[in-house]
Amino acid sequence: MQLDILGLQNPEAPTLVLSSGLGGVAGFWQPQLAALTARYRVVLYDQRGTGRSADSLPEGYSMAMMAAELADALAQHGILRFSLIGHALGGLMGMQLALDYPDRIERIVVINGWLSLHPHTRRCFQVRQDLLLNVGVEAFVRAQPLFLYPAEWMAEHQTRLEQEDSHHITHFQGMENLMRRLHALMSADFSTRAAAIPQPVLVIASQDDLLVPWSCSTELAAALPNATEQMMAWGGHAMSVTDPEKFNALLLQWLDQTDDVQPLQRVAG
């Protein structure tokens with residue numbers, strides 16, 4: 001797994017690892033880079049089986065395996081203490097890291113995440129899965145923005161979306177890989193384990209998220225012992241892309257407030 005280390009290059013600098021959602025690729029974080037690299041060492045990567053990390057994923061692929069792959073890749077670069085900012089799947093991976101590697105992860109940001117899969121989100125994933133299996137890759141890719149972005153934003157960015165569709169079709173991660181990543185995501189359940197995550201966590205959501213109801217973030221924040229909840233009124237599932245100015249401001253404010261905050265005592269689980 002290839003890592004890109006941007007921003008501050010001092011190994012002692014505070015390190016942020018950016019972990020994407022189901023798409024898995026580092027390019028998702030482009031709207032955040034200027035804001036973060038000026039103040040932090042920032043690590044980007046394509047998750048295994050996506051983008052530049054092309055690979056065939058094994059049967060039974062899981063969130064724990066995703067977390068272990070990232071932890072190992074970071075350790076190979078000498079990165080043993082870091083904060084993680086994760087979107088949906090990436091945020092759940094941050095919580096998995098906190099459970100499996102508690103001494104490595106300092107803080108977590110979970111963007112439009114959940115404790116366990118909401119019935120509405122399950123239906124959305126099943127519809128996308130049916131499109132992929134029964135219609136094909138192009139239909140799956142063309143439907144994806146409907147779950148990510150508000151309608152008015154899509155109407156104003158048609159050229160961009162067409163270019164992204166073409167790119168995603170050309171660089172599709174593969175049906176088997178996507179199905180195994182999706183199964184791992186849908187199977188992840190932190191409802192009985194969240195109390196054992198003592199790290200400071202920013203739980204941030206958008207109220208107009210079509211894919212993941214905002215109430216999932218409220219439930220998640222209530223279950224974590226050291227969480228801060230922030231709610232954006234607009235932006236959709238990918239509000240870090242559609243409204244990066246507001247998102248980045250909320251993110252930087254929380255990072256400033258927690259730069260020196262220590263985790264609570266770990267709860268035995």
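Let me begin with Phe147, which at 11% relative accessibility counts as buried, where buried means under 20% relative accessible area, exposed means over 50%, and partly exposed is in between, with a 1.4 Å probe and protein chains only. Please keep in mind that this is a predicted model, in which local features need pLDDT of at least 70 and side-chain atom pairs count only at pLDDT 80 or more, while totals for chains, interfaces and linings use all residues. Residues are numbered from 1 along each chain as its sequence is written, and side-chain values use heavy atoms, with hydrogens and water left out.

Phe147 is found in helix H5, residues 137-148; helices here are DSSP runs of H or I with at least four residues, strands are runs of E with at least two, and both are numbered from the N terminus. If we set aside its neighbours within four places in sequence, Phe147 is in contact with Cys124, Arg128, Asp209, Leu210, Leu211 and His237, contact meaning heavy atoms within 4.5 Å. By comparison, Phe147 and Ala71 are 76 residues apart in sequence and 30 Å apart in space, C-alpha to C-alpha.

The axes of H2 and helix H3, the latter being residues 89-100, come within 9 Å and cross at roughly 75°, the axes being lines fitted to C-alpha atoms, for helices over the stretch in contact, with angles that run from 0 to 180 degrees between N-to-C directions. H2 and H3 are therefore roughly perpendicular to each other, since angles of 65 to 115 degrees count as roughly perpendicular, those under 35 as roughly parallel, those over 145 as roughly antiparallel, and the rest as oblique. On the H2 side the contact is made by Met63, Ala64, Met66, Ala67, Leu70 and Ala71, and on the H3 side by Leu89, Leu92, Met93, Gln96, Leu97 and Asp100. By class, this contact has 10 nonpolar, one polar and one charged residues, where Ala, Val, Leu, Ile, Met, Phe, Trp, Tyr, Cys and Pro count as nonpolar, Asp, Glu, Lys and Arg as charged, and the others, Gly among them, as polar.

Now to the charged pairs. How many salt bridges does the structure hold? There are 10 of them, a salt bridge being a side-chain nitrogen of Lys or Arg within 4 Å of a carboxyl oxygen of Asp or Glu. One of them joins the side chains of Arg39 and Asp256, at 2.2 Å from N to O. Arg39 lies in the loop between helix H1 (30-37) and strand S3 (41-45), whereas Asp256 lies in helix H11 (residues 244-258), so this pair ties together parts that are 217 residues apart in sequence. Arg39 is partly exposed, with a relative accessible area of 34%, and Asp256 is partly exposed as well, with 41%.

Glu69 and Arg48 also meet through their side chains in a salt bridge, at 2.8 Å from N to O. This pair links distant parts of the chain, with Glu69 in helix H2 (residues 63-76) and Arg48 in the loop between S3 and H2, 21 residues apart. Glu69 counts as buried at 17% relative accessibility, whereas Arg48 is partly exposed, with a relative accessible area of 22%.

Finally, helix H8. Arg180 forms a salt bridge with Glu176, the closest N and O atoms being 3.7 Å apart, and these two residues, four apart in helix H8 (residues 175-187), are separated by about one helical turn.
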